Every structure is written in structure tokens, then in C-alpha cells.
Amino acid sequence: MLDVRKLLKKGGSLLTSYGYANMFDKVIKIIDNNRSTFEKIITKTIPLEEVVSSGIDLLISDKKQAKILVKIPQD
């Protein structure tokens with residue numbers, strides 16, 4: 001058992017995460033069945049080589065960006 005009070009008194013921190021088991025397939029089906037709705041979220045598509053300059057940097061500087069897709073080259 002974790003004593004949260006003891007952790008707080010020592011100035012510690014606690015990081016948690018919660019996963020959803022067996023949800024991935026359901027989510028993919030929802031997105032696939034509602035593509036037009038989800039396509040509106042995509043604000044830009046960029047090649048992998050531009051992930052920093054046209055991706056991360058743009059997300060930091062342009063708050064109008066919501067979802068930037070990165071195209072990965074197919075072999």
C-alpha cells in the first residue's frame with residue numbers, strides 16, 4: 001500500500017497512467033466509419049523529413065494547427 005502522505009511530506013511525486021485494454025480495434029472502426037468527421041481535424045500532411053521544421057515547430061508557433069499527419073515512405 002502506498003502512503004501518499006509520506007510521499008508528499010518528502011516532496012516526492014507520483015506519475016500514473018491508465019490504459020484501455022482491447023479498445024484499439026473499436027476506436028479504429030469508429031474512425032473508419034466516420035472518416036469525414038475526423039478528416040476535418042487534420043490541418044496538414046507532411047513528409048517524414050519535415051517532422052521538426054514543418055511539424056513540431058509549426059505546432060508550437062501556430063495554435064491553429066490541430067493534427068499534423070506525417071507521411072512515412074513505403075518501401
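1. Start with Leu69. Setting aside neighbours within four places in sequence, Leu69 is in contact with Ile42, Lys44, Thr45 and Ile46; contact means heavy atoms within 4.5 Å. Leu69 sits in strand E2 (residues 67-71). Strands (E, at least two residues) and helices (H or I, at least four) are DSSP runs, numbered from the N terminus. With a relative accessible area of 34%, Leu69 is partly exposed. The cut-offs are under 20% for buried and over 50% for exposed, with partly exposed in between (1.4 Å probe, protein chains only). From Leu69 to Gly55 is 14 residues in sequence and 8.5 Å in space, C-alpha to C-alpha.

2. A word on the model. This is a predicted model, where local features need pLDDT of at least 70 and side-chain atom pairs count only at pLDDT 80 or more, while totals for chains, interfaces and linings use all residues. Residues are numbered from 1 along each chain as its sequence is written, and side-chain values use heavy atoms, with hydrogens and water left out.

3. Confidence. pLDDT is the predictor's confidence in each residue, from 0 to 100. The protein has a mean pLDDT of 89, and 100% of its residues reach 70 or more. Among the elements, strand E1 (residues 42-47) has the highest mean, 93. Helix H1 (residues 4-9) has the lowest, 86. Where pLDDT is low, the predicted coordinates should not be read in detail.

4. Ile68 is also in strand E2. Its relative accessible area is 14%, so Ile68 is buried. Not counting residues up to four places away in sequence, Ile68 touches Thr43, Lys44, Ile46, Ser54, Gly55, Leu58 and Leu59. The C-alpha atoms of Ile68 and Gly55 are separated by 6.6 Å, and the two residues are 13 apart along the chain.

5. Ser54 belongs to helix H4 (residues 51-61). Ser54 counts as buried because its relative accessibility is 16%. Beyond its neighbours within four places in sequence, the contacts of Ser54 are Lys44, Ile46 and Ile68.

6. Overall layout. Four helices and two strands make up the secondary structure. Along the sequence the pattern reads α-α-α-β-α-β. Of the contacts with a separation of 6 or more, 35% join residues 24 or more positions apart.

7. The C-alpha trace spans about 50 × 35 × 30 Å along its principal axes. Of the 75 residues, 8% count as buried.

8. Which residues line the largest pocket? They are Ile28, Ile31, Asp32, Arg35, Phe38, Glu39 and Ile42. Helix H2 (24-33) and helix H3 (35-39) are the elements that give two or more residues to this lining. Four of the lining residues are nonpolar, none is polar and three are charged. Here Ala, Val, Leu, Ile, Met, Phe, Trp, Tyr, Cys and Pro count as nonpolar, Asp, Glu, Lys and Arg as charged, and the others, Gly among them, as polar. The volume of the largest pocket is about 210 Å³. A pocket is an open set of points on a 1 Å grid over the protein atoms alone, where a 1.4 Å probe fits, with protein on both sides within 12 Å along at least five of seven lines; lining residues have an atom within 4 Å of a point. Volume is the space filled by probe spheres set on the points, with grid points joined across faces, edges and corners.
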